[in-house]
Structure formats: structure tokens, C-alpha cells
Amino acid sequence: MVQIDLARVERAIRFIRGDKVILDDDLAELYGVEVKRLNEQVRRNLDRFPADFMFQLTNQEFKDLRFQFGTS
């Protein structure tokens, strides 16, 4: 049985566009896989996910997020 560290999951949650999200980097780390492999599997199985399961950050959102990481 897999143990889930809830504190680790909570630390991974970000607020973007008013929604709680977990970035692919953090999700891959939680699952113990490479980001590339996680994204590859999602692309191969798009029909298994609801339409609002994921979105891509705009360039500005990405810059803002990087700034937040740098100051935290």
C-alpha cells in the first residue's frame, strides 16, 4: 500500500486563475516519475481526463510563478 504524505501534497497546491492546481513538476515528484513521462502518459490517455483537468500556463503566469518561487 502506498503512503501519501498529505503535508507534501498540500505544499504542492498552488492557486492559479482562482483554482487550486498542482504543477506537473510537483505531480511527477509525488508519483516518483519524470515530468516527461507524466506528460507523455497524460497525452496518450487524454480521453480518460475531464476537459478541465489541465491547462497550460501563459508566459506571464510562468514568469510570475518563477518569481514567487524565487522569493519564497
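This briefing describes the fold, salt bridges, pocket and surface of a predicted protein model. Local features require pLDDT of at least 70 and side-chain atom pairs count only at pLDDT 80 or more, while totals for chains, interfaces and linings use all residues. Residues are numbered from 1 along each chain as its sequence is written, and side-chain values use heavy atoms, with hydrogens and water left out. The protein has four helices and two strands, four salt bridges, and a largest pocket of about 940 Å³.

**Overall architecture**

- The order of elements along the sequence is α-β-β-α-α-α; helices (H or I, at least four residues) and strands (E, at least two) are DSSP runs numbered from the N terminus.
- Taken along the principal axes, the C-alpha atoms fill a box of roughly 35 × 30 × 20 Å.
- Of the 72 residues in the protein, 15% are buried. Buried denotes under 20% relative accessible area, exposed over 50%, and partly exposed the range in between, with a 1.4 Å probe and protein chains only.

**Salt bridges**

- The criterion for a salt bridge is a side-chain nitrogen of Lys or Arg within 4 Å of a carboxyl oxygen of Asp or Glu. In general terms, side chains of opposite charge can pair when their charged atoms come close.
- E29 and R8 form a salt bridge with an N to O distance of 3.4 Å. Because E29 lies in helix α2 (residues 24-31) and R8 in helix α1 (residues 6-12), this pair ties together parts that are 21 residues apart in sequence. R8 is partly exposed, its relative accessible area being 30%.
- R14 and D26 are joined by a salt bridge at 3.8 Å, N to O. This pair links distant parts of the chain, with R14 in strand β1 and D26 in helix α2, 12 residues apart. D26 counts as buried, at 18% relative accessibility.
- R37 and E40 also form a salt bridge, and their closest N and O atoms are 3.1 Å apart. Both residues belong to helix α3, where they are three residues apart, about one turn of the helix. R37 counts as partly exposed at 39% relative accessibility, whereas E40 counts as buried at 19%.

**Largest pocket**

- The pocket search uses a 1 Å grid over the protein atoms alone: a pocket is an open set of points where a 1.4 Å probe fits, with protein on both sides within 12 Å along at least five of seven lines. Lining residues have an atom within 4 Å of a point.
- The volume of about 940 Å³ is the space filled by probe spheres set on the grid points, which are joined across faces, edges and corners.
- The lining comprises 28 residues, and I22, L23, D24, M54 and F55 lie nearest the centre of the pocket.
- At least two lining residues come from each of β1, β2, α2, α3 and α4.
- By class, the lining holds 15 nonpolar, four polar and nine charged residues. Here Ala, Val, Leu, Ile, Met, Phe, Trp, Tyr, Cys and Pro count as nonpolar, Asp, Glu, Lys and Arg as charged, and the others, Gly among them, as polar.

**Surface patch and loops**

- L46, F53 and M54 make a nonpolar surface patch of about 280 Å². Patch residues have over 30% relative accessible area and no salt bridge, and nonpolar side chains (Val, Leu, Ile, Met, Phe, Trp, Tyr) are joined within 5 Å, like charges within 9 Å. The accessible areas come from the Shrake-Rupley method with a 1.4 Å probe.
- F53 is located in the loop between α3 (35-44) and α4 (59-71), and F53 counts as partly exposed at 40% relative accessibility.
- R17 occupies the loop between β1 (13-16) and β2 (19-22). The phi of R17 is near 55°, a positive value in a residue other than glycine. Most residues other than glycine have a negative phi. R17 is partly exposed, with 46% relative accessible area.

**Residues of helix α3 and their separations**

- N39 lies in helix α3 and counts as partly exposed at 26% relative accessibility. N39 and D19 are 20 residues apart in sequence and 20 Å apart in space, C-alpha to C-alpha.
- V42 also lies in helix α3 and is buried, with a relative accessible area of 11%. Between V42 and E61 there are 22 Å in space, C-alpha to C-alpha, and the two are 19 residues apart in sequence.
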